[in-house]
Amino acid sequence: MALRVLLADDEKEFVETLAERLDLRGIEVRVALDGKAALTTLDEMAAAEALPDVMVVDLLMPIMDGINFVRKAKEQYPDISYVMLSQVSSKEMISQAYECGVTFFIQKPVN
């Protein structure tokens, strides 16, 4: 079974490029452009019994930011690993990310 990843980031070009690179490596990828869409996608994946193994989430997204998204997603899907990305980071933001259940915090740009 291939690794499944759901990417949630409002930077369309970035997330599509990352999705293509992961797909080339045999990783099953879904993309959402904001936190609300990511929750909907998670529910669809759960209904298909194909939850992602890992969520890669941008901190700053429209409609629902990464912190609020992870809090809500962790309630229903606690076994998924969550990785947060951000161009903007402060000790407070990083602390909030880890407190809400993020496994890793990565600062953009990502090579």
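Strands β4 and β5 pair in the parallel sense, over four bridges. Two strands count as paired if DSSP finds at least two bridges between them. Strands here are DSSP runs of E with at least two residues, and helices are runs of H or I with at least four, numbered from the N terminus. At this pairing, Ser86 stands opposite Gln107 in β5.

Before I go on, some housekeeping. This is a predicted model, where local features need pLDDT of at least 70, side-chain atom pairs count only at pLDDT 80 or more, and totals for chains, interfaces and linings use all residues. Residues are numbered from 1 along each chain as its sequence is written, and side-chain values use heavy atoms, with hydrogens and water left out.

Now the whole sheet. It is open and has five strands, in the order β2-β1-β3-β4-β5, with parallel pairing. The edge strands are β2, residues 28-32, and β5, residues 104-107, and each of them pairs on one side only. From one strand to the next, the twist averages 20 degrees. Angles like this run from 0 to 180 degrees between N-to-C directions, with axes as lines fitted to C-alpha atoms, for helices over the stretch in contact.

Next, strand β3. Four bridges join β3 to strand β1, residues 4-8, and the two run parallel. Towards strand β4, residues 81-86, β3 pairs over five bridges, again in the parallel sense. Met55 in β3 has Leu6 opposite, and its bridge partner in β4 is Tyr82.

Why is β3 largely enclosed by the rest of the structure? Because four of its five residues, 54-58, are buried, meaning under 20% relative accessible area with a 1.4 Å probe, protein chains only.

Conventions
Buried < 20%, exposed > 50% of the residue type's maximum accessible area, 1.4 Å probe, protein only.
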